[in-house]
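Please read the following report alongside the sequence and the model. It is written for someone meeting this structure for the first time.

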Amino acid sequence: MELELKGITKQFAGVLANDDVDLRVAEGEIVALLGENGAGKTTLMNILYGLYTPTSGQVLIDGEPLELLSPADAIAAGIGMVHQHFMLVPVFTVAENIVLGDEPTKKLGWLDKSRGRRVVREISSRYGLDVDPDALIEDLPVGVQQRVEIIKVLKREARFVVFDEPTSVLTPTEVESFFEVVRSLKADGKGIIFISHKLGEALEIADRIVVMRRGMTVAELDPAETDEEQCAELMVGRPVDLVVHKEEARPTDVVLSVEHLVVLDDRNRRAVDDLSFEVRAGEIVGIAGVQGNGQTELVQAITGLRSALGGVVRLRGEDVTIKSPRDIHKRDVAHVPEDRQKSGLVLQFTVTENVIMDTYYEAPISNGIQMDWDAARQQALRLVDEYDVRTPSVDTLVSKLSGGNQQKVIVAREFDRDVSLVIASQPTRGIDVGSIEHIHGRIVAKRDDGAAVLIVSSELDEVMALSDRILVMFGGRIAGEFDGSATATEIGLAMLGSQGESEAS
Amino acid sequence: MTDSGPPPERRPSDPSARKREARITGVGTSLRRAVVIPALAVLTALIIGGVIIALTDLDTLSVWGSDPMEALRLTLSGVGNAYKALLIGSVGSPRALTETLYAATPLILAGLAVAVGFQAGLFNIGVNGQMHIGGMAALWVGFSVALPGIIHIPLAIVAAMIGGAIWAGIAGLLKARTGAHEVITTIMLNFIALYLVDYVLTTSAFQAPGRNDPLSKPINPSAQFPTLGDFRVNIGFLIALAAVGFVWWLLYRSIIGFQFRAVGFNPDGGRYAGMNVAWVYVGVMAISGALAGVAGTTQVLGLEPYRGISGFAGTLGFDAIALALLGRSHPIGVLFAGLLFGALRAGGREMQGAAGIPVDLVLVLQALVIVFIAAPELVRAIYRIKTPEEETGVTISTGWGG
Amino acid sequence: MTSTAVTSEKSIDRRATSEERRATVIGVALVILAAFVFWVFGLGVESGVTSLFNLSLPGERFQDLAWEVNSRWLAFLVSAILAFLGGFVLRKSHLKRTNLALAIGLGLLALAFLTWAAAGNSFSLVGMLRSTVILSVAVTLGALTGLMCERVAVINIAIEGQLLTAAFVGTIMGSAWGIWAGLIGAMLTGAILGAVLAVLAIKFRVDQIIAGVVINIFALGLTSFLARRVLSEAQDLNTPGSFPSLKIPILGDIPVLGTMFFDHSMFVYATFILAIVLHLGFFYTRWGLRSRSVGEHPKAADTVGINVYRTRYRNVILGGVIAGFGGAFLTLSQVSRFEENLTAGIGFIGLAAMIFGRWMPLGALGAGLVFGFARALQQKLGILGTPIPSEFLSMTPYIVTIIVVAGVVGRSRPPAADGKPYIKE
């Protein structure tokens, strides 16, 4: 049994996402699809799953073309997909999510809940995917949610399973268990496509590697005969420096001091639970950890976007725990938010308007009552030039820029002054390698200028590359502290925290 | 988002021309595009209105059975008469023109009130109630004191602005503190205001002596809006024009307006940038309410018999929403939309008098216009126009808040 | 996903959570109300005066049931209980019970208020309770309509317009072809307007609130226009009959409760049954699970093969049918003719009831009864001749709505995708 995508082309308005792509997967084979953000991998898989229709090209199983107009068609053809952003309804139970669309019912459409639970337990025990059918999805840790997604796919008797960036939300140990599951699926005769931008993992698990770049397949490799450097170069089109070059840090005074901080999340649970640490001028402290362990709430509390329930935050000795975002900003703090489209930018504003979002109320942009748009444009022009933002003009709506350029606008805005503290949350999520290099360089430059830098990232590679000191966050607390010589394994262990307890759900 | 750069732009290449364009109509739209759809919307609405007129002409309907040709002639002439009356009543004579301006005045002001709200992402459906409260405040100043007109009128207007601002501010405060959605709160406040006005008009402080019904004392002549000669149009229109200018300056030149628009597009982004979103909501509603209050004064200080009566705001609140949508929430757009609707009203009265068509048809026409404005694809589908890339219709709401 | 750590109180400095702040506000409010009741309702009435609550209506099986109570002492009792509740809430030992305490407190306040208003008089309590049920129907139906739509993530502001137009059509068709024709016509009208909303919101992705407002304006204009153009000339088109009252045997004879619940036109029974059926439907059937998934996470529903668009169309149109039913109720049962602006905001009160009921059908029913009570109160107080001016009484339902919406919205969660159009690439 073989699945083939032949000559797939997909044109969106103004963008050619897939350009005559060929891909083949056989039963019992694991193919890794590599490419950086925007290379067209997800588009390709969405076509395979019936969410998009290709502009031209075909999908075939054993030479027979398939008509995939909706996910229902793909499911019927035996194609299953585990999405990067889980397709789970948070307020439903595990069982409800798994049976959705194919529910066991009694008369009149009445749900047969006990049969549903049974189905879940059957699959769960067969593949070693431990879940509680009656647990609410929103209460489950991410690693367990992923298991639910996998069970969903298996229930529909998929013969080909596509995993879209499955390990981005897992700790290193969870990644290992995940690979075990994948291997057992392979042993069961399933064909697997594994989409990733994580080179090391692809090399470890795949039988074959396909590299995509700018919508085209550029190479097909045998993992045994290649390495990370070659793959990276193929992904980007030029030799890529995977290492961030920075000098030894020379930390001086304490700039940021967090003491016994307690912060509640939106559901009134302790997201940050008695956390303490310091960041000094001239050093980069990285907070590693899988998303959902309180990092978001921590940054919000430090920057004044969320009130802390207890504890103290100090900037250069001053207690700023209850200060507003504006007050914190005025104390020379730069904040690159983790969700650039939600918090960092106003998408319907122009580049100019976004650039002045933090200076609109001060001279020279305004005189207290009225805006000086000429001055604003001058500023925008200067920053666009300095920070290499690719945009047709400063009057372009920022929604039209690519992710990397949007992030550069934010970085330009935040870094354009002398700051004593930089907080960057997921600074390079979802952007192209070129922009990543640029932004990393800016961060290191700020450190060398004497700022204290706090990085929060769920990409362990990024944290390890940038940080002088690494803190691991788990369950709202610091689970480990490491310096530049630590290995990924050591840090990964710390990311477990008391994982044994939380997995028993 | 991919890396191949943004799609090619279809706008004038000369940067200063683009800048000028952006200033007039608001960033992101071209002048032509901003006018074509509304114009077509109005045209389509008129056509459908004609159909409704024809279908509800009970007398003529019965003739279809016996003599179709005659019935067709009667129908067409009926519709023709109606629209001819509409035209005559609105622009057919100098008097008609002044009637149009006169009718447009409160509409423009009320439309500005709603437009300001929309720009900040808020639905102010409560213009009716704010007009009532503001109008009552102006009324009270009108008959309580006697000052030279130069002082008396501005004083009354300020009172109206304060009244309207407070009434709207309640909804703004509720939204800021509790997340209560302003659609429901403002509508509820409308009803409350209506009854409050009814009550107040029967108190001894307000009620005309010797009357039992809700009718207020007359205001002092010094508070009446001076009219232009023999016509009904008065300085209210000039006030409306001034308001247009003010709102334009507020939204596109002032710091406050920048915050309004930022929060309107993305409250999270605004919060992150240090803006106090709660205060923005209150401020927007207050300014919106103040404008509505001024609209209320036109019904009290600028209208015979210069007294307050029950429900004097009429349907102006809803018309204002239509205006704001038609004008795409831009002050200049609201001005033109207000003139248009003023023409419809002035003409509508003539239509009722001369051709016997109830003036409520104008309401129907307005509603149709909004439908087409809010769904540009609908108009495009009817007239086979291509969709430009940015256009996706007007989207403001994202749920109940809280 | 987040911390499962022990939540013991540590010795670090702790600020109050929002729950605790709310408890403070409510606790203090209860204590103030206790004082108010004591002062105004207790001391404000002469001692020895009684309020007589009639518990049976003429024509019932069990006659002359009444409850006579000493006005003053009842007020004192209520005051004491309110103070106790206030103290309980302020102690914050059981934060989850704050809302329950508030509900009990408000209920007792209403009782004290009625007692005071009826001091020295007699007052048909059972009549008011019966009115509560009748006046709740339109609100509940509006809430159920809103719920059907919002559970699939379509905000329906147009309920008011649907009720109004359906009432209008119901009147005309009822006058011309009988009450059943009127009913069917009304339900069809509701469905059609629902379809219009659906098309605007789903196909053309118009902002849902704007679409709703537009439909309302249109409905108001069209019905007023037609009422004047057509109905004023053809008067006989405005005299539909009305559905008769049906008393359920045995159950209808139970004192108080029987009159309250079991002696109404079929609209009332249908409403209660509908609420139960919808509740079971949404939470126990396949239809309900799929609908809710579309409302919470349409992308997820799409990826398992559920047709998001079709589900939304279907539910919104069904919601329209319910609104149509409500419109028919207004002209074919309560008032037997159509008047301009007959609905006067009921559609919006229905939305508030939906929010109050946490987007659940049985909750909507309960909330509808609360609003029905507010409206019944307004009516009855007018008859009683209290010193409160009638205009203020008319405001009651609207004020109650604001309080409900302000107090409840932030606390409960609407369906996650509420208001967002679904875009399939």
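## Basis of the description

This is a predicted model, in which local features need pLDDT of at least 70 and side-chain atom pairs count only at pLDDT 80 or more, while totals for chains, interfaces and linings use all residues. Residues are numbered from 1 along each chain as its sequence is written, and chains are lettered from A and ligands numbered from 1 in the order in which they are written.

## Domains of chain C

Chain C is divided into domain 1 (18-120) and domain 2 (127-411), with bounds from an automatic or database domain assignment. Their C-alpha centres lie 31 Å apart, and 9 residues of domain 1 of chain C are in contact with 8 residues of domain 2 of chain C (C-beta atoms, placed from the backbone, within 7 Å).

## Helices 14 and 15 of chain B

In chain B, the axes of helix 14 (residues 331-355) and helix 15 (residues 360-374) come within 9 Å and cross at roughly 155°. That makes helix 14 of chain B roughly antiparallel to helix 15 of chain B (angles over 145 degrees). Phe341(B), Leu344(B), Arg345(B) and Gly348(B) in helix 14 meet Val362(B), Leu365(B) and Gln366(B) in helix 15.

## Helices 6 and 13 of chain B

Helix 6 (residues 127-144) and helix 13 (residues 316-326) of chain B pack at about 125°, with their axes 7 Å apart. On the helix 6 side, Val127(B), Asn128(B) and Met131(B) meet Leu316(B), Gly317(B) and Ala320(B) of helix 13.

How values were computed: Contact = placed C-beta atoms within 7 Å. Axes fitted to C-alpha atoms, helices over the stretch in contact; angles between N-to-C directions. Helix = DSSP H or I, 4+ residues; strand = E, 2+ residues; numbered from the N terminus. Parallel < 35°, antiparallel > 145°, perpendicular 65-115°, else oblique.
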